[in-house]
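Let's walk through this structure together, starting with its pockets and ending at a single side chain.

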Amino acid sequence: MKRIVVLVSGNGSNLQAIIDACQHGRVNATLSAVFSNKASAYGLERAQSAGIPAHALDPKSFADREAFDVALADEIDAYQPDLVVLAGYMRILGPAFVERYAGRMLNIHPSLLPKYPGLHTHQKALDNKDVEHGTSVHFVTPELDGGPVILQAKVPVFDEDSTDDLHARVQHQEHAIYPLVVGWFVDGRLTLDNGQVVLDGQVVPAQGHAAE
């Protein structure tokens, strides 16, 4: 069975969605460990409750970003993961770390990439009076939120929406599509080939599978 390591920084609701999918057989994999850059991350408690080894590494304990990345990668590799999943991991990972897991590291981002990389995506969507917003699962590359998109889910934006409204609507979709994509990967259906996403032997469009 394939092994997954998950990185979190906060609440870990997407982690919980993946835990649930593994427990109910929708993802045929083992969650080997969860790591966080914050000891207070609730995602670590979610992991412990599910019997998954949970670890916190404090970036302040390391001389620089590179030293932290090396230590984190070494600890991850002790679990021999087939896939590394970023689930609300808010610390930028350096190019050497990303290249170490090239083609086997996923992230989910709360916008319809390439629109709104970075932070405060819901507020940006509201400020720009977008009529739709959403979330994207993508392979991780050294460019922040710039890796090839695998799957997106769209949600409507209403005039009366607050950022909390939009966050809740987007997160509901995240909890559906992230385990789905993780399942594709562990089943051998999903690969990254020469910078292109390939699903079931077919190259996926730039905006992801099932894009209009």
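By class, the lining of the largest pocket holds 18 polar, 14 nonpolar and four charged residues; nonpolar here covers Ala, Val, Leu, Ile, Met, Phe, Trp, Tyr, Cys and Pro, charged covers Asp, Glu, Lys and Arg, and the others, Gly among them, count as polar. Keep in mind that this is a predicted model, where local features need pLDDT of at least 70, side-chain atom pairs count only at pLDDT 80 or more, and totals for chains, interfaces and linings use all residues. Residues are numbered from 1 along each chain as its sequence is written, and side-chain values use heavy atoms, with hydrogens and water left out.

The largest pocket has about 900 Å³ of space and 36 lining residues, with Gly 88, Tyr 89, Met 90, Ile 108 and Pro 110 nearest its centre. Two or more lining residues come from each of helix 1 (13–23), strand 5 (105–109), helix 5 (121–127) and helix 6 (163–186), and helix 6 gives the largest share, four residues. (Helices, H or I of at least four residues, and strands, E of at least two, are DSSP runs numbered from the N terminus.)

Now look at helix 1, where you'll find Ser 13. Ser 13 is buried, because its relative accessible area is 13% and buried means under 20% (1.4 Å probe, protein chains only). Leaving out residues up to four places away in sequence, Ser 13 touches Arg 46, Gln 171 and His 175, where contact means heavy atoms within 4.5 Å.

Methods:
1 Å grid on protein atoms, 1.4 Å probe; cavity = no way out; pocket = protein on both sides within 12 Å on 5 of 7 lines; lining within 4 Å. Points joined across faces, edges and corners; volume = space filled by probe spheres on them. Buried < 20%, exposed > 50% of the residue type's maximum accessible area, 1.4 Å probe, protein only.
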